[in-house]
Amino acid sequence: MNCEVCQLKELEVEHFEIREVLRCILHTIVFHRALGLVRPKDVDLELFEITYVQCGDVELEKKIDEKIDHFISWVEKHPNKKSQICLSFYEVKSKQPSWFTNKTERLYWEQWYVNLNVTQHPKHHSSKSHHTKLVVDPGESATEERSCRRAMVEASLREVLFQIIKFVNEKKDHVPPISEGVIYFPYEITIPRKFQ
């Protein structure tokens, strides 16, 4: 079985944006790969003008949030590094038992790589100069810069969401047959590895 891989566009985010961005991306992927009856739940992002859909499953939300917490801890230990979080879907197949092997194995059929560059931006810029008579309000220019940067991140996040939708609509042949009563394919979220 072939494993389809989707490398999502790299997003440059600040530390405080990580949780919201990852929730949006990971829940969007899981929602589009859900198999059975789910209770769709619209979620409006607080930082961006984007709404995404979750499966409405409390256990799923907890698992995703737990992995995001691990990712954030990793980022805090490795500031200003590019990193990746991988969401993998797999099938569990039984193997012929032998003395030294597991009775089951994971056959990965799809992997999603979420690429983040977490940056530290200065809180504000100082425009003080005793040689200049022009008075510039540093708060105003910093606010303008922030809103411009936020609009860029929002546009990039939208691109990633469209990339996800395009991938799930075009790549269907590798998805294994659905077992009765299963709502979600088994999945795992792995964190990170450095690029540099």
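## The nonpolar core

A nonpolar core is a set of buried Ala, Val, Leu, Ile, Met, Phe, Trp, Tyr and Cys residues joined through side-chain atoms within 4.5 Å. Buried means under 20% relative accessible area; exposed means over 50%, and partly exposed lies in between (1.4 Å probe, protein chains only). In this predicted model, the largest such core holds 44 residues, and Ile-25, Trp-112 and Leu-116 touch the most other members. Two or more core residues come from each of β2, α1, α2 (58-77), β5, β6, α3 (138-170) and β7 (187-190). Helix α1 gives the largest share, eight residues.

What is Trp-112 in contact with, leaving aside its neighbours within four places in sequence? Its partners are Cys-6, Leu-8, Ile-29, Ile-85, Cys-86, Leu-87, Phe-89, Ile-164, Phe-167 and Val-168. Contact here means heavy atoms within 4.5 Å.

## How to read the model

Residues are numbered from 1 along each chain as its sequence is written. The model is predicted, so local features need pLDDT of at least 70, side-chain atom pairs count only at pLDDT 80 or more, totals for chains, interfaces and linings use all residues, and side-chain values use heavy atoms, with hydrogens and water left out.

The predictor's confidence in each residue is its pLDDT, from 0 to 100. The protein chain averages 82, and 80% of the residues score at least 70. Over residues 123-136, pLDDT stays under 50. The model has five contacts beyond four places in sequence for that stretch.

## Helix α1

Helices (H or I, at least four residues) and strands (E, at least two) are DSSP runs, numbered from the N terminus.

Because 11 of its 15 residues are buried, α1 is largely enclosed by the rest of the structure. Among the buried ones are Glu-20, Cys-24, Ile-25 and His-27.

## Strands around β6

Two strands pair if DSSP finds at least two bridges between them. Strand β1 (residues 4-7) pairs with β6 (residues 104-119) in the parallel sense, over four bridges. Gln-7 stands opposite Tyr-113. Strand β2 (residues 11-14) also runs parallel to β6, over four bridges. There, Leu-11 has Leu-116 as its bridge partner.

Strand β5 runs antiparallel to β6, joined by 13 bridges. Tyr-90 stands opposite Tyr-108 in β6.
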